[in-house]
Amino acid sequence: MYVSRLEAEDLYKVFGRRPDEAVEKLRRGADREELRADGTTAAVIDASFSVESGQIFVVMGLSGSGKSTLLRMLNGLLEPTAGHVRFDGQDLTELSPRELREVRSRKISMVFQHFALFPHRSVLENAAYGLEVQGVSRETREQRALEALELAGLKGWEKSFPDELSGGMQQRVGLARALATDADLLLMDESFSALDPLIRRDMQDQLLELQKTLKKTIVFITHDLNEAMRLGDRIAVMRDGRIVQIGTAEDILVRPANDYVESFTKDVDRSRVLTAGAIMGEPENGYDASRAPATVTADTPIIDLFTPCSTSDVAVSVVDEDGGLIGVVPRARLLAVLGEPVGVSADA
Ligand SMILES: Nc1ncnc2c1ncn2[C@@H]1O[C@H](COP(=O)(O)OP(=O)(O)OP(=O)(O)O)[C@@H](O)[C@H]1O
Ligand SMILES: [Mg+2]
């Protein structure tokens, strides 16, 4: 049987009195409000998902929806009230505190929103901190920290101190610290949220670029759907402690599970998320592919179709890997999908 890298199964976290009773109530369909009357907080309710090696799994939701609590259960900092977390086939909920600390220091790295750098330590020492905790020798940890700083785009800044760096650079030191430990599981909680929009976009690009070679297993938390859609191979949307939808960016945009999810998608730049494959239709009789203004594959973002469509009345051809025609995108279709969810059935 194939086992996913990271798995959450029926996870619950309840704060307050008699948490086990609360879980029973939640299993019978109670919601957060009902429990609040008893003075209990259901932070995470029945969360299940899996993340494959090399994937970025994004958890998206408003403040208080339970994102950070979920993340803390994934690295064993919080014990679930019920359910299981498995990483590399090991059930974290069954480990002794000592074994758990070991897993946490070797296999898992966290990057927070406000990264707590040590002000009196150099950038290099800060980046090497995770390895210092692991008891790695000075020479080795400085070597690894240097490599990580270079990956994070901070070569040449090793000897500087945190207050000599901009906010974005400080955040990259945090990223370098996480990368230096060689941990396979990277947990990022609003890691880019405190940054200016341009720097934030830059960091997103850098993470995607790094991920191409590092292929870590990443869980990334954000309350920004645009960020979620840029980074996430898959996205979980949380509301009031529950995961209300899990899917690709396109799934969420094209087939929102409910009105709540759909309301988030209003601010998303559809032209960069939707693909030719998602919006294409059948070619009309007599369609002449040789006159198409462009020929693209199904995964092409539709933003790339606007220029060709503006030059010709003929629909763009969508082809498979062997060049076979699988669909067409007429200009009218292209314009229509920018404004509304596509393919959502009437009863959704
Ligand atoms: N230690 C705790 N004790 C009691 N309640 C808690 C505790 N930690 C979190 N909560 C409650 O659990 C719920 C979820 O909190 P959590 O921090 O996971 O949300 P979040 O989605 O990360 O929010 P934000 O976007 O603001 O960081 C909130 O109602 C919060 O008040
Ligand atoms: Mg949080």
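Met188 stands opposite Phe220 in strand S8. The strands that pair here are S7 (residues 185-189) and S8 (residues 217-222), parallel and joined over five bridges. The model is predicted. In total, the protein has 16 helices and 13 strands.

**The six-stranded sheet**
- S7 and S8 sit side by side in an open sheet of six strands, ordered S6-S7-S8-S3-S9-S10.
- Pairing in this sheet is mixed.
- Strands of a sheet pair through backbone hydrogen bonds, either parallel or antiparallel.
- The edges are strand S6 (108-111) and strand S10 (242-247).
- Each edge strand has a single partner strand, so one of its sides is left without a neighbour in the sheet.
- On average, neighbouring strands are turned by 15° against each other, direction ignored.

**Helix H8**
- Helix H8 covers residues 167-180, which is 14 residues.
- From first C-alpha to last, H8 reaches 20 Å, close to the 20 Å expected at 1.5 Å a residue.
- H8 is largely enclosed by the rest of the structure, because 11 of its 14 residues are buried.
- A buried residue here has 20 or more other C-beta atoms within 10 Å of its own.
- Just after H8, Asp182 takes a positive phi of about 70°.

**Phe306 and helix H15**
- Phe306 lies in helix H15 (residues 306-311).
- Is Phe306 buried, exposed or partly exposed? Phe306 is partly exposed, because 13 other C-beta atoms lie within 10 Å.
- Phe306 and Leu335 are 29 residues apart in sequence. In space their C-alpha atoms are 8.9 Å apart.

**The protein as a whole**
- The C-alpha trace spans about 70 × 55 × 40 Å along its principal axes.
- Of the 348 residues in the protein, 37% are buried.
- Take the contacts between residues at least 6 apart in sequence: 67% of them join residues at least 24 apart.

Definitions and conventions:
Residues are numbered from 1 along each chain as its sequence is written. Chains are lettered from A and ligands numbered from 1 in the order in which they are written. This is a predicted model: local features need pLDDT of at least 70, side-chain atom pairs count only at pLDDT 80 or more; totals for chains, interfaces and linings use all residues. Helices (H or I, at least four residues) and strands (E, at least two) are DSSP runs, numbered from the N terminus. A residue is buried if 20 or more other C-beta atoms lie within 10 Å of its own, exposed if 12 or fewer, and partly exposed in between; C-beta atoms are placed from the backbone. Two residues are in contact if their C-beta atoms, placed from the backbone, lie within 7 Å. Two strands pair if DSSP finds at least two bridges between them. Axes are lines fitted to C-alpha atoms, for helices over the stretch in contact, and angles run from 0 to 180 degrees between N-to-C directions. The expected span of a helix is 1.5 Å times one less than its number of residues.
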